[in-house]
Amino acid sequence: MSVPHFIASIKGKKRMSSKIRLYLIDKEKHYFLNDGVLKNGFNPKLSISKNRDSVLSAFSKMAFLFDEIIRLRIIGYSNNSDSAELLYLLNLVPVNRKIRTFLDWKVFAPEFTRNMSRLFEVRNAAVHCISLSEVNYAPKNKLSLSSTSGFNKFVKDFQKAWGVLLKIYVKEQEKLDWKKLSQL
């Protein structure tokens, strides 16, 4: 069984097992199965507007996927008490430590780790400011997010990283036992 077959098998059901908590990526469609309900997930193409809220929203989606990758690797699709406890702990772990953990686990390559760290420096700055005019992005040279070229470079790099992260997630997702999962 595969992701598309699993999704097809559960779409017709009114209520699924509440034992499953799983973000699903099937080509260009994302779903979130939680507490027995299948909902639409994030749009695979992130659009980022030149404002603080939009930038922070994009980072929150990326951070969500970080946590879901960790969940898949440690407890799989479980939605038992171990899932809630792990999510509690993950909220206490800074993003830079998660990025480093992915490098240690060989989930992220060294170059991708550096790129993610640079991107998340923007998030850290955006959290502590009022407008993007106070935020710089430094892939090589320092670029202001208030400038068109700086913002465009940031968005291009962010979207590229998002695409790589989705592929990494799909690789982790493919390790699941879909036949066993469909029987819950």
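Reader: How many aromatic pairs does a search of the whole structure find?

Author: In this predicted model, the search finds 19 aromatic pairs.

Reader: Why is the pair of phenylalanine 42 and phenylalanine 64 called edge-to-face?

Author: The ring centres are 5.4 Å apart and the planes stand at 85°.

Reader: What makes phenylalanine 42 partly exposed?

Author: Its relative accessibility is 22%. Buried means under 20% and exposed means over 50%, so phenylalanine 42 falls in between.

Reader: What makes phenylalanine 66 and phenylalanine 108 an edge-to-face pair?

Author: Their centres lie 6.0 Å apart, with 65° between the planes. Since the limits are within 6.5 Å and over 60 degrees, the pair qualifies as edge-to-face. Phenylalanine 66 is in helix H2 and phenylalanine 108 in the loop between H4 and helix H5 (110-127), so parts 42 residues apart in sequence are tied together. Both residues are buried. Ring pairs also link them into a cluster whose members include Phe59, Phe102, Trp105 and Tyr137.

Reader: Why is tyrosine 88 called exposed?

Author: Its relative accessibility is 56%, and exposed means over 50%, so tyrosine 88 counts as exposed. Tyrosine 88 lies in helix H3 (residues 81-92). Together with Leu89 and Leu92, Tyr88 makes a nonpolar surface patch of about 360 Å².

Key:
Residues are numbered from 1 along each chain as its sequence is written. This is a predicted model: local features need pLDDT of at least 70, side-chain atom pairs count only at pLDDT 80 or more; totals for chains, interfaces and linings use all residues. Side-chain values use heavy atoms; hydrogens and water are left out. Patches are made of residues with over 30% relative accessible area and no salt bridge: like charges are joined within 9 Å, nonpolar side chains (Val, Leu, Ile, Met, Phe, Trp, Tyr) within 5 Å. Accessible areas come from the Shrake-Rupley method with a 1.4 Å probe; for residues, only the protein chains shown count as cover. A salt bridge is a side-chain nitrogen of Lys or Arg within 4 Å of a carboxyl oxygen of Asp or Glu. Helices (H or I, at least four residues) and strands (E, at least two) are DSSP runs, numbered from the N terminus. Buried means under 20% relative accessible area, exposed over 50%, partly exposed in between (1.4 Å probe, protein chains only). Rings of Phe, Tyr and Trp (its six-membered ring) pair if their centres lie within 6.5 Å; planes under 30 degrees apart count as stacked, over 60 as edge-to-face and the rest as tilted.
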